[in-house]
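Thanks for making the time this morning. I would like to walk through one structure with you, beginning with the overall picture and then turning to particular side chains.

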Amino acid sequence: MSAARKSGACGTMLEEDSDQTYENVLAEIQSFELPIEATLRSVYDDQPNAHKKFMEKLDACIRNHDKEIEKMCNFHHQGFVDAITELLKVRSDAEKLKVIVQTEDIIRCRLQQRNITTVVEKLQLCLPVLEMYSKLKEQMSAKRYYSALKTMEQLENVYFPRVSQYRFCQLMIENLPKLREDIKEISMSDLKDFLESIRKHSDKIGETAMKQAQQQKTFSIALQKQNNVKFGKNMYINDRIPEERNEIVLKHTFEEEDESEEEVLTVQDLVDFSPVYRCLHIYSVLGDEETFENYYRKQRKKQARLVLQPQSNMHETVDGYRRYFTQIVGFFVVEDHILHVTQGLVTRAYTDELWNMALSKIIAVLRAHSSYCTDPDLVLELKNLIVIFADTLQGYGFPVNRLFDLLFEIRDQYNETLLKKWAAVFRDIFEEDNYSPIPVVNEEEYRIVISRFPFQDPDLEKQSFPKKFPMSQSVPHIYIQVKEFIYASLKFSESLHRSSTEIDDMLRKSTNLLLTRTLNSCLLNLIRKPHIGLTELVQIIINTTHLEQACKYLEDFITNITNISQETVHTTRLYGLSTFKDAQHVAEGEIYTKLNQKIDEFVQLADYDWTMSESDGRASGYLMDLITFLRSIFQVFTHLPGKVAQTACMSACQHLSTSLMQMLLDSELKQISMGAIEQFNLDVIQCELFASSEPVPGFQGDTLQLAFIDLRQLLDLFMACDWSTYLADYGQPASKYLRVNPKTALTLLEKMKDTSKKNNIFAQFRKNDRDKQKLIETVMKQLRSLVNGMSQHT
């Protein structure tokens, strides 16, 4: 313990004055007090090259002693000579003392030997401790912290207990907790740097992983197509990637001098994971794994929230979506790597919880941003990115079914954008159409039209050139655009991990939407446009008829794409029949309306002299022009399908008859002469002649003439003054004037009653027979009675 205290004192003095320290050390050595290992060790632990300085001091001390010995020898030389002389005198006595001296020397030597052995043993205990502590310092300097912790454990468990009684050992023991805390702080700092690093590299990791997944899928599809060609199978089968975990091998393909070679990259090539391993090991050694795990998970959750936060303008470009996806993929690829190369840092339950949280956020973000997309190409690119994104993460064991469910929502959005795009396409086609049959002057032009639209007509084929197709240019254009729409819709349906039957059903439903909503709406808007005339309406009806017939070819087209047998699998039918039927009905209604409007325009040109004494002997000019117009327009109507032309002709005649009747019964018309009635009768005769000339084939008997039967019976009644027959037979089914209404007859009769004019029918009655005048008055009374009776009955 004396040596230890002196060693401690020596260590304190060394810090104050190194020269004085060396002198004190030399004094301790010269004191011959053992052990001296602590004293010697303090010299070597002080500072580099201290032992050299100490050796210099020791050599100087030895020289000083030599000088002192030499001085002493010179001083005592004479005494020494005298002593020798005296010794020679007592030689005889020396022999006697020899035995005694030898015994004392032996005892002293053995004592020295024992002391030396003790020193060696103590040094052998202390030196390994010093070596291990020196090794610890080197490991700390080299940042080999895990090894340093292991060295600390060895020092504490093996070496320190052997020399714990020495002060230098106590100093080392007291220093170890600080070293551990330093290691802990340094490791945590390294972990923070690592977290920052993977935050920066997440997009690169994700990009690489998605490229690999895309390459694998491309290879799989190519192989599948090859098999389909070989075995004649459906090319649109379920192409789900096997749910096997990737080994985090990310591949890039590089082209060099037209030769391709693959460089296999691992996630460690992009991110150095050693800080995590090192920190995990260090905290494990320190017994504080829980603190490390909680910190890591907490920080990664924060990073996950940052990664899942999209940019506000992400929906504007596909690059915005791509950056969003690559960062997310990179994040979870790192987590998957940590899961499989560490134990306990993250667990499958933790990653599943993190993924479910992320998936909900991703779906919400994509649902919101995709709703802003109006460009179908952008929506399609988004769909392809989502598929690659889902396939990539599925390869790492993350469930992605909800993403594919989201794709069905986005598919509806995609179809809506397609429908809007094709609505503009259809409008342009209709605007550019001339609504005239397609002329062809040679076989080449004929084949071009046939190749674009499935038209079959043996009679037209037999005709010589030049000839015309019945439809206009818009028909083949629309047919081609419907096929283009089907192709565009199919692009989204691919890679959705759905069967051919489901894809076929999707295509048919989207095509039905195109026909029933978009095309039908465009047709209805076209039909109702003011500048569309009767000729154009007729052509539109013809066009819709051929488009309706082409729907079966569109169904075959879809069947050929999806390779689904309509005989074995229930398939959705295209609604083209009902769609084009609706358009045809609207067009027919517009034809009837515009034809009646045209008739009204002619009727408005009528300029009757209602007070004329006698007729001109010929029909009115406006009516002859009207009949000429009707004949020409009904010639065009012969190309209409079904009974459209007959219905239009019947409607026109009925409307003309009604207009003429309203002209007679107009409340503003106060007086009508018999001459005007005769002139009016000539016009009605022309209408009847027109109806009997069969302007539109297909009418049976005098069906068309019956449109003017009300006028004919009314005029015949007034021209013949056959009131007795009318009144006698009124209400009888076989009455000659069955279609004459009493109110109509009374109204017209009152317009003709004017005693002031000689040519009035009543004036003639007064001349010829006043009894007839009374008869007419009686007729009017009876007509009023009939009218009143009808009112009461009603």
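This is a predicted model: local features need pLDDT of at least 70, side-chain atom pairs count only at pLDDT 80 or more; totals for chains, interfaces and linings use all residues.

Of the 794 residues in the protein chain, 42% count as buried. If we take the contacts between residues at least 6 apart in sequence, 77% of them join residues at least 24 apart.

Let me turn to confidence before I go into any detail. The mean pLDDT of the protein chain is 80, with 81% of the residues reaching 70 or more. Among the elements, strand β1, residues 249-256, has the lowest confidence, at a mean of 35, whereas strand β3, residues 439-440, has the highest, at 94. Over residues 1-16 the pLDDT stays under 50, and the model has 18 contacts beyond four places in sequence for that stretch. Residues 755-766 are also below 50, and there the model has 29 contacts beyond near neighbours in sequence.

Now to the aromatic side chains, where a search of the whole structure finds 24 aromatic pairs. One of them is the stacked pair of Phe634 and Phe690, with 6.2 Å from centre to centre and 25° between the planes. This pair links distant parts of the chain, since Phe634 belongs to helix α22, residues 621-637, and Phe690 to helix α24, residues 674-692, the two being 56 residues apart. Phe634 and Phe690 are both buried. Phe718 and Trp723, by contrast, form an edge-to-face pair, at 5.0 Å centre to centre and with 85° between the planes. Phe718 is buried, as is Trp723, and these two belong to one aromatic cluster together with Tyr726, Tyr730 and Tyr737.

The charged end of Lys467 sits over the ring of Tyr446, 4.5 Å from its centre, and Lys598 lies over the face of Phe629, at 5.9 Å from the ring centre.

For helix packing, I have picked helix α23, residues 644-664, and helix α25, residues 709-720, which pack at an angle of about 35° with their axes 9 Å apart. On the α23 side the residues are Ser657, Leu660, Met661 and Leu664, and they meet Asp710, Leu711, Leu714 and Leu715 in α25. Sorted by class, this contact of α23 with α25 has six nonpolar residues, one polar and one charged.

I will finish with two individual residues. Where does Gln309 sit? Its place is in the loop between α11, residues 289-308, and α12, residues 318-341. Leaving aside neighbours within four places in sequence, Gln309 is in contact with Tyr324 and Lys361. The C-alpha atoms of Gln309 and Ile362 are separated by 8.9 Å, although these residues are 53 apart along the chain.

The second residue is Asn415, which is placed in helix α15, residues 401-432. Is Asn415 buried or exposed? Asn415 counts as buried because its relative accessibility is 9%, and the cut-off for buried is under 20%. Not counting residues up to four places away in sequence, Asn415 touches Ser489 and Ser510. From C-alpha to C-alpha, Asn415 and Ser489 are 7.0 Å apart in space, while in sequence they are 74 residues apart.

How values were computed. Residues are numbered from 1 along each chain as its sequence is written. Side-chain values use heavy atoms; hydrogens and water are left out. pLDDT is the predictor's confidence in each residue, from 0 to 100. Helices (H or I, at least four residues) and strands (E, at least two) are DSSP runs, numbered from the N terminus. Contact means heavy atoms within 4.5 Å. Rings of Phe, Tyr and Trp (its six-membered ring) pair if their centres lie within 6.5 Å; planes under 30 degrees apart count as stacked, over 60 as edge-to-face and the rest as tilted. Buried means under 20% relative accessible area, exposed over 50%, partly exposed in between (1.4 Å probe, protein chains only). A charge sits over a ring if NZ of Lys or CZ of Arg is within 6 Å of the ring centre and within 35 degrees of the ring normal. Axes are lines fitted to C-alpha atoms, for helices over the stretch in contact, and angles run from 0 to 180 degrees between N-to-C directions. Ala, Val, Leu, Ile, Met, Phe, Trp, Tyr, Cys and Pro count as nonpolar, Asp, Glu, Lys and Arg as charged, and the others, Gly among them, as polar.
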